[in-house]
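These are my notebook entries on one structure. I record what I looked up and in what order.

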Amino acid sequence: MAAKILPLVKFATKVTIAGGAIYVAYDSGLLGDGKEGSVTLGRAKAAIPPAVEEWVKYFGFELPATPKIEFSPLDAWNSGVQKSIHALSVAPSTVSDYTKQGLKYVKDLTK
Amino acid sequence: MSEKELGQKWDRCLADCAVKLGTGLGLGIVFSVVFFKRRTWPIVFGTGLGLGMAYSNCQNDLRSHYVLHSKVAKEE
């Protein structure tokens with residue numbers, strides 16, 4: 001009797017665990033719209049530092065302080081795009097200037 | 001659509017992609033461990049599902065500006 005029920009109980013437990021995981025994901029808005037997703041990400045970002053602090057206190061060791069990086073990828077990318085486009089826009093006049101200078105140099109050499 | 005609005009939509013898209021990818025990966029791991037004897041394919045499948053959901057949401061969000069919305073007038 002017990003041998004027959006045990007596989008059923010095991011299967012029911014597995015279904016409960018998997019179903020519970022899906023329900024938690026659905027309930028916290030992880031499977032919803034784009035707006036809900038970005039809101040959830042913001043909440044998770046805000047919740048991480050206090051959670052890390054709690055864990056550190058619980059385990060009783062000091063984490064090394066995270067180094068403050070003064071680099072912003074967004075600013076770097078934007079400035080890169082601006083500089084590239086500016087270089088492209090002045091390229092014809094720059095090339096013509098260099099060509100004139102080069103020709104003048106060659107003329108001076110041949111004098 | 002203004003540049004600012006487009007930028008905000010792209011930001012939302014990227015955030016949603018990260019969330020859906022993580023969720024898909026997590027659920028894939030759960031299913032892999034619970035039902036499929038720690039095989040790799042449920043994890044890959046879950047990640048793919050998450051990516052697909054994020055792509056679809058992004059597509060709808062970027063198209064929503066151009067889709068006509070209508071309201072049904074109530075009969076009095």
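Is K20(B) buried or exposed? I find K20(B) buried, because its relative accessible area is 0%, where buried means under 20%, exposed over 50% and partly exposed in between (1.4 Å probe, protein chains only).

**Basis of the entries.** I work from a predicted model, in which local features need pLDDT of at least 70, side-chain atom pairs count only at pLDDT 80 or more, and totals for chains, interfaces and linings use all residues. Residues are numbered from 1 along each chain as its sequence is written, chains are lettered from A and ligands numbered from 1 in the order in which they are written, and side-chain values use heavy atoms, with hydrogens and water left out.

**Salt bridges.** I first noted the rule: a side-chain nitrogen of Lys or Arg within 4 Å of a carboxyl oxygen of Asp or Glu. Side chains of opposite charge can pair when their charged atoms come close.

K20(B) pairs with D16(B), the closest N and O atoms being 2.8 Å apart. Both residues lie in helix α1 of chain B, four residues apart, about one turn of the helix; helices (H or I, at least four residues) and strands (E, at least two) are DSSP runs, numbered from the N terminus. D16(B) counts as buried because its relative accessibility is 1%.

I next looked up D61(B), which forms a salt bridge with R12(B) at 3.2 Å between the closest N and O atoms. This pair links distant parts of the chain, with D61(B) in helix α2 and R12(B) in helix α1 of chain B, 49 residues apart. D61(B) is buried, at 16% relative accessible area. K9(B), R12(B) and D61(B) are linked in a network of salt bridges.

K111(A) is exposed at 81% relative accessible area, whereas D108(A) is partly exposed at 40%.

**Chain A.** I count three helices and zero strands. Buried residues make up 6% of the 111 residues. The accessible surface comes to about 9,900 Å², of which 69% belongs to carbon and sulfur atoms; accessible areas come from the Shrake-Rupley method with a 1.4 Å probe, and for residues only the protein chains shown count as cover.

W77(A) lies in helix α3 (residues 73-110) of chain A. I list W77(A) as exposed because its relative accessibility is 63%.

**Chain B, loop and helix ends.** Which residues of the loop did I note for their phi? K37(B) has a positive phi of about 50° although it is not a glycine. R38(B), also not a glycine, has a positive phi near 60°. K37(B) is found in the loop between α1 and α2 of chain B, and R38(B) has its place in the loop between α1 and α2 of chain B. K37(B) is exposed at 70% relative accessible area, and R38(B) counts as exposed at 69%.

I then checked L6(B), found in helix α1 of chain B. L6(B) and L62(B) are 56 residues apart in sequence and 7.8 Å apart in space, C-alpha to C-alpha. L6(B) is partly exposed, with a relative accessible area of 31%.
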